[in-house]
Amino acid sequence: MGLVTYVDGRYVPKEEAVVSVFDHGFLYGDGVFEGIRAYHGRVFRLEEHLDRLYESAKTIMLEIPLPRAEMREAILETLRRNGLRDAYIRPVISRGVGDLGLDPRKCSRPTVVIIVDTIQLYPKEAYQRGLRTITATVRKVRPDMLNPRVKSLNYLNNILARIEANQAGVEEAIMLTADGYVCECSADNIFIVRGGEVWTAPPFLGILQGVTRDAVLGLARELGFPTVERVFTLHDIYTADECFLTGTGAEVGPVVEVDGRSIGDGRPGRITTRLLAAFHEMARREGTPMYPAEARGAPA
Ligand code: PMP
């Protein structure tokens with residue numbers, strides 16, 4: 001399919017969607033991005049993703065050349081032009097073209113790209129049997145060095161963890177903080193269920209504060225499960241009743257094996273399965289319509 005990408009105000013075919021080799025996003029990973037989903041013609045939690053995008057940019061002193069309303073509209077227009085009602089959306093804002101020095105003052109205008117594509121999920125079978133994970137030897141970058149709450153173009157720390165998962169032949173890698181506490185996965189947040197309580201790591205530990213994570217915390221409360229944001233260790237995971245990960249791509253992914261230990265009874269947990277169903281239900285219901293005429297609640 002000939003997908004169209006937004007590049008600096010123009011909608012161009014995939015083959016023409018290119019940026020300069022002098023772009024500091026390419027040279028230094030200097031930039032920010034988001035990963036967003038559209039379900040049934042509605043963009044899930046678009047405002048939360050825009051908040052995170054603009055907050056990430058603010059911390060790295062990158063001024064996004066589009067006001068928020070125009071960015072929102074450009075995202076919706078890119079979806080409409082591609083005719084995709086279920087999609088993955090990737091806005092990327094880099095520092096822009098400069099010279100070979102890393103000084104951002106050399107870059108006069110940030111580059112803005114919006115890519116939309118169909119999404120490649122974990123196979124359905126992985127949700128039925130559950131995901132397998134290992135703990136990566138590479139630790140999360142400490143939040144006082146480069147705060148992982150900034151969703152920046154520097155993903156090498158996470159990519160190294162992902163390589164470890166690949167080498168081990170499992171789907172995801174759990175990453176610990178420098179102090180050895182459970183932080184998050186290479187591209188997902190992590191949760192455990194113990195005695196009916198739903199636990200996840202608090203943002204100060206240096207997680208990316210996932211939009212799916214926040215949605216799932218809300219759903220768990222609505223379903224009557226106490227939620228706890230707390231610091232925990234691998235021991236808590238190995239001995240948990242259930243474990244799952246959350247992310248825009250993964251949604252709610254049951255984890256049944258961590259470092260060779262089977263979690264709970266080794267099958268996707270009961271609360272995890274309820275949360276995944278509730279998440280799908282919410283994604284169908286909520287969201288910013290791609291076509292404004294499609295009022296909330298109208299058939300999609
Ligand atoms: N942690 C990391 C490191 C991620 O890259 C992602 C994916 N954006 C997540 C967590 C999950 O965040 P979200 O639910 O917003 O996709």
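Let's start at the ligand: one of its oxygen atoms sits 2.6 Å from an N or O atom in the side chain of Thr248. This is a predicted model, in which local features need pLDDT of at least 70, side-chain atom pairs count only at pLDDT 80 or more, and totals for chains, interfaces and linings use all residues. Residues are numbered from 1 along each chain as its sequence is written, and side-chain values use heavy atoms, with hydrogens and water left out.

| Residue | Protein atom | Ligand atom | Distance |
|---|---|---|---|
| Lys151 | side-chain N or O | nitrogen | 2.8 Å |
| Val211 | backbone N or O | oxygen | 2.8 Å |
| Thr248 | side-chain N or O | oxygen | 2.6 Å |

Taken alone, the ligand exposes 380 Å², and the protein buries 95% of that (Shrake-Rupley method, 1.4 Å probe). In total, 16 residues surround the ligand, each with a heavy atom within 4 Å of it.

Helix 6 also meets helix 8 (residues 270-285): their axes, lines fitted to C-alpha atoms over the stretch in contact, come within 10 Å and cross at roughly 110°. Helix 6 is therefore roughly perpendicular to helix 8 (angles of 65 to 115 degrees). On helix 6, the contact (heavy atoms within 4.5 Å) includes Thr212 and Leu219, and helix 8 brings residues including Phe279 and Met282.

Notes: A polar contact is a pair of N or O atoms within 3.5 Å; within protein, one must be able to donate a hydrogen and the other to accept it, and residues adjacent in sequence count only if both atoms are side-chain atoms. Axes are lines fitted to C-alpha atoms, for helices over the stretch in contact, and angles run from 0 to 180 degrees between N-to-C directions. Helices (H or I, at least four residues) and strands (E, at least two) are DSSP runs, numbered from the N terminus. Angles under 35 degrees count as roughly parallel, over 145 as roughly antiparallel, 65 to 115 as roughly perpendicular and the rest as oblique.
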